[in-house]
Amino acid sequence: MKTSVSVLFAFLLGIVPAIHAQTGNASSENISDEQLLRTGIRELSDDSFGGRKPLSQHESPTINYIADKFKTLGLKPVHGSYFQEVPLLSVKTNVKGNAVTLKGKKGTARLKMMDDIVLWTLHAEEKLKVSKAELVFVGFGIYAPEYGWNDYEGIDVKDKIVVMLVNDPGFYDDNLFRGKNYMTYYGRWTYKYEEASRRGAAGAIIIHETNAASYPWSVVQNGRTSDILSLNSPTGNSELVDLQGWITGESAQKLFDIAGKPLDESLEAAKKKNFRSFPLGVTATIETVNDVHVANSHNVVALIPGSDLKDEYIIYSAHWDHLGIGTPVDGDSIYNGAGDNASGVSALFVIARKFMQLPQPPRRSILFIAVTAEESGLLGSEYYAANPLFPLSKTVVNFNMDGYGDKLRTSEVRASGGGLSKDIDRYVVEAAAVQGKPVTFSTTNPGGGFFRSDHFNFAKVGIPVVLAGGSKPLDPKAAEEHRKLWGGKSTYHQPSDEYHDWWDLTGSLEDIYLYYGIGLRLANDGYFPKWDDPTYKTVREAQK
C-alpha cells in the first residue's frame, strides 16, 4: 500500500491534469463529474429505453449506448469487442386456469395466480404438467451440516412439491446459524430452489413473510409479471425443479387448513432444531403453457490497459438492466430503474473518466463490466464468474456499483462485511480518512443483502469485494426536508424509480470517489488483498 495519502487526496479532488486521455469528445471531457453522472442517469432511465429488460427490443439500444460511452471515454474493447455474450433462457409461464387448485382431506383451496401464489418454470419446455404432486412441508428447506441442520432428513421429496419458510432459523433464534442479524446464504430464495432441485423435487414454493423476506409481496409480483430469465444450461435447465414459486402467508393458512395441520404450530416447530419435515396430505395438478425463447444477452465490457502490471485486473461492475414494461402503477407501466441501476452504470462512466485523466496509466488494468440480468438473479455476473475474460487468479478486487442516485453528503462511511477481509477493511478506512470520515463496520446481514447484488458472484469465486458507502447525513435537517420530495413512498422496483432534476448527487459522488480512490491505490501498489473469511479464503487459495 505505497501510494501516499496526499497523492490520493489530489486524485480524489480531480486536480491532476488529463495527460494520457487521447480520445473523447468535448461533451464528456468538459463537463463536471456531477453533470456526467446526472446525464447518464437521465438518459439511461428515459422512457425510450423501456425499462432496459434483457432480451427485449430495448436491450440493443441500451448496451450500444453504454459501449459508445465507454468508447468515447477512451476505453478499449476486450478481445476485440465491447460485448460478452450471455446465453439466456426466457420463459413466460402461463398457468392453466390462472389458478392452482389444492386438494386435501379437509377440502380444497383455489389460489389465484399473482394474488395468492406466483409460479414459474425455468425449463425450456413449451408445455409442462405436474400431476397429482404431493405437497411436503420441509421447514426452511435447508441442508447445512456445519450448523447441524437438515430439513430433508428422513423424507423423500422426489417428484413432490416442497413448501418452505423464507430466510434461515437464525432470523428467529439468535443461537441458531449466525443469529438474527445475519442471514446466511441458506436463507436466500436462490439457495432453496437449488437444494430442492438437488433433491429431485418437482416444485419448490416459499411462504412469503415481509419481515423475513425483507420486501413486500408486491416485489414478488413485480418481478414475475412477464417472462422469467435464467442462464441456459446444455439441458435446457431440466436439472432444475419443474416449478418455482412463492405463496402468501394467507394462502399458506388455507393450505394448512385443508391439510388439517395447524399452521402456527408447524411454523414454530420448523424454527427449532430436530424439526422433522412431513407430508401435508395435499395434492396439486398444475399445467402450464410456456412461451420459450433462447437468445444471447450481453455484458458490456471495456478496458483501461495497465502498464507494468497490465496482466492483473481490477473490476468495476454495475448492472444495466431493470424490469422493463410491466404492471401499471398509477397509469405508468415503464419500470425505468433510474436509481436501480442507471445510476450505477453512470458511476462507471465517472470512474472510467477519472482513470483516463491520470497523468499516466495505472500499473494494473482496470476492467469495467456493465452486467446483464441482475434483476433476474445476478445472471450476468454469474456468467462472467464462470466464464471470465481474464484469469480469476489475476483479478485483484471487485467494486460493484449499485444505487448511486439521489443522496446528500454524509458524515461517515459504513462498510458491510467487516472482518471478511481485514486487508479490504484497511483500504476503506484509509480512503475514508481522505474524505474526513470515520468508518463504521457492519458485521450484520439481516435481509441477506450481501447475496443480493452482483458482488456476491465475484466473492463466490474468490475475488475480494469492497462494500462501502456514506451513511448518516452531514446535515440531518436538510436530509429530512429533502426526503419529503419523495412523498414518503418507496420506489424500489416500482415505475416511480424515475430521474428528477431535483436529485442531489453530492453524497453519491462522495461514494464514487471513495471507490475510485481505493481502486487507484490498488491499481498502483501491486498488492493482492486477502480474505479472512474461511469460505472465500479457501476458494481464493485454490486458484494459486
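Strand E13 and strand E17 (residues 395-400) run parallel, joined by 5 bridges. Two strands pair when DSSP finds at least two bridges between them. If you'd like one spot to look at, find Ile314, which stands opposite Val397 in E17.

A quick word on what we're viewing: this is a predicted model, where local features need pLDDT of at least 70 and side-chain atom pairs count only at pLDDT 80 or more, while totals for chains, interfaces and linings use all residues. Residues are numbered from 1 along each chain as its sequence is written, and side-chain values use heavy atoms, with hydrogens and water left out.

Back to E13, then. It also pairs with strand E16 (residues 364-371), again in the parallel sense, over 8 bridges. There, Tyr313 has Ser365 as its bridge partner.

How many cavities of 30 Å³ or more does the whole structure hold? The search finds 3. A cavity here is a set of points, on a 1 Å grid over the protein atoms alone, where a 1.4 Å probe fits but cannot get out, and lining residues have an atom within 4 Å of a point. Points are joined across faces, edges and corners, and the volume is the space filled by probe spheres set on them.

The largest cavity has about 100 Å³ of space. Its lining has 14 residues, with Ser416, Gly417, Ile424, Asp425 and Val465 nearest the centre. Helix H12 gives the most, 3 residues. The lining divides into 10 nonpolar, 3 polar and 1 charged; Ala, Val, Leu, Ile, Met, Phe, Trp, Tyr, Cys and Pro count as nonpolar, Asp, Glu, Lys and Arg as charged, and the others, Gly among them, as polar.

The second largest cavity has about 60 Å³, and Trp189 and Arg452 are among the residues that line it.

One last stop: Arg353, in helix H10 (residues 338-356). Arg353 counts as buried because its relative accessibility is 2%.

How values were computed: Helices (H or I, at least four residues) and strands (E, at least two) are DSSP runs, numbered from the N terminus. On a 1 Å grid over the protein atoms alone, a cavity is a set of points where a 1.4 Å probe fits but cannot get out, and a pocket is an open set with protein on both sides within 12 Å along at least five of seven lines; lining residues have an atom within 4 Å of a point. Buried means under 20% relative accessible area, exposed over 50%, partly exposed in between (1.4 Å probe, protein chains only).
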